[in-house]
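Trainee: I have a model open and I would like to learn how to read it. Where do we start?

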Amino acid sequence: MGERLANGNVAIALLANTIATGAALVALILTFGPISGAHFNPAVTIADASQGGLPWRETPFYVAAQVVGAIIGVAVANVMFSLPLLFASHHQRAGIAQIFSEFVASFGLLSVIWGCVRFRSQVIPFAVAGYIMAAYWFTASTSFANPAVTLARSLSDTFAGIRPVDAPGFIVAQFAGALAGTLLFRWLSPPLSKEVEAVVLPHNHD
């Protein structure tokens, strides 16, 4: 929708994507937080599991649900706008600057989560959404910061897309950034193990 209404103005299209993403993140994290911790991101989920917040035996199911859900979401969006159900993107996002941007985006995302979770876990939905909205603009890659979303966006040849050939570099950088952010906050604020149940929001494993 943003791309169509912008009439070729990339800044307006990016602004539209930014607002929609931020608003949806707040709503979805608040909605699904009490159920599953609002885990939409494999990098966040694996970081959480690495600190004992999520059992490793459950982690593959979370990641599978995230990837499948992201792909279904892209398919639904494509159908709503009269596009093919799934089709490979031709939107080039290659090069060291783009990949490093994804490292920075994911490092920042995990830093925000770990930084808020200890003392102000109730603000995480707004902090995460605010960070992602800002990172759309201060990273060269427009801050995917999510391996599942990266895979899904490779299946949509739109403004938000990424060529399948460029996706692996993004995904490696995202996991690396998440690891770096987690290690930093283990050092800055040890131990994380007392707070991991609140990533992304307190939830039950029932």
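Mentor: We start with burial. A residue counts as buried under 20% relative accessible area and as exposed over 50%, and as partly exposed in between. Keep in mind that this model is predicted.

Trainee: Is Ser-82 buried or exposed?

Mentor: Apply the cut-off. Ser-82 has a relative accessible area of 70%, so it is exposed. Its place is in the loop between α4 (59-80) and α5 (96-117).

Trainee: Which loop holds Ala-145?

Mentor: Ala-145 sits in the loop between α6 (124-138) and α7 (147-153). Here too phi is positive, near 55°, and Ala-145 is a residue other than glycine.

Trainee: Is Ala-145 buried or exposed?

Mentor: Ala-145 is at 2% relative accessibility, so it counts as buried. Ser-82 is exposed, whereas Ala-145 is buried.

Trainee: Let us step back to the whole chain. How many helices and strands are there?

Mentor: Count the elements along the sequence. The chain has eight helices and zero strands. The pattern reads α-α-α-α-α-α-α-α. Next, check the overall packing. For 206 residues the globule rule gives 17 Å, and the radius of gyration is close to that at 16 Å, so the chain is as compact as a globular protein of that length.

Trainee: What are the spans of the C-alpha trace?

Mentor: Along the principal axes, the trace spans about 50 × 35 × 25 Å.

Trainee: What share of the 206 residues is buried?

Mentor: Buried residues make up 46% of them. Then ask about the surface. The accessible surface of the chain is about 9900 Å², and 72% of it belongs to carbon and sulfur atoms.

Trainee: How do I read contacts across the sequence?

Mentor: Ask how far apart the partners are along the chain.

Trainee: Which residues does Ser-106 touch?

Mentor: Ser-106 also lies in helix α5. Its relative accessible area is 1%, so Ser-106 is buried. Not counting residues up to four places away in sequence, Ser-106 touches Ala-145, Gln-174, Gly-177 and Ala-178. You know one of these already.

Trainee: What about charges?

Mentor: Compare where each kind sits on average. The chain has 9 positive and 9 negative charges, and their mean positions are 5 Å apart. Then look for pairs. A salt bridge needs a side-chain nitrogen of Lys or Arg within 4 Å of a carboxyl oxygen of Asp or Glu. By this rule the count is one salt bridge.

Trainee: Which residue pairs with Asp-166?

Mentor: Asp-166 forms a salt bridge with Arg-163, and the closest N and O atoms are 2.8 Å apart. Now check burial for both. Asp-166 has a relative accessible area of 8%, so it is buried. Arg-163 is at 25% relative accessibility, so it counts as partly exposed.

Technical notes: Residues are numbered from 1 along each chain as its sequence is written. This is a predicted model: local features need pLDDT of at least 70, side-chain atom pairs count only at pLDDT 80 or more; totals for chains, interfaces and linings use all residues. Side-chain values use heavy atoms; hydrogens and water are left out. Helices (H or I, at least four residues) and strands (E, at least two) are DSSP runs, numbered from the N terminus. The radius of gyration is taken over C-alpha atoms; the globule rule is 2.2 Å times the number of residues to the power 0.38. Buried means under 20% relative accessible area, exposed over 50%, partly exposed in between (1.4 Å probe, protein chains only). Accessible areas come from the Shrake-Rupley method with a 1.4 Å probe; for residues, only the protein chains shown count as cover. Lys and Arg count as positive and Asp and Glu as negative; His and the chain ends are not counted. The place of a charge is taken as NZ of Lys, CZ of Arg, CG of Asp or CD of Glu. Contact means heavy atoms within 4.5 Å.
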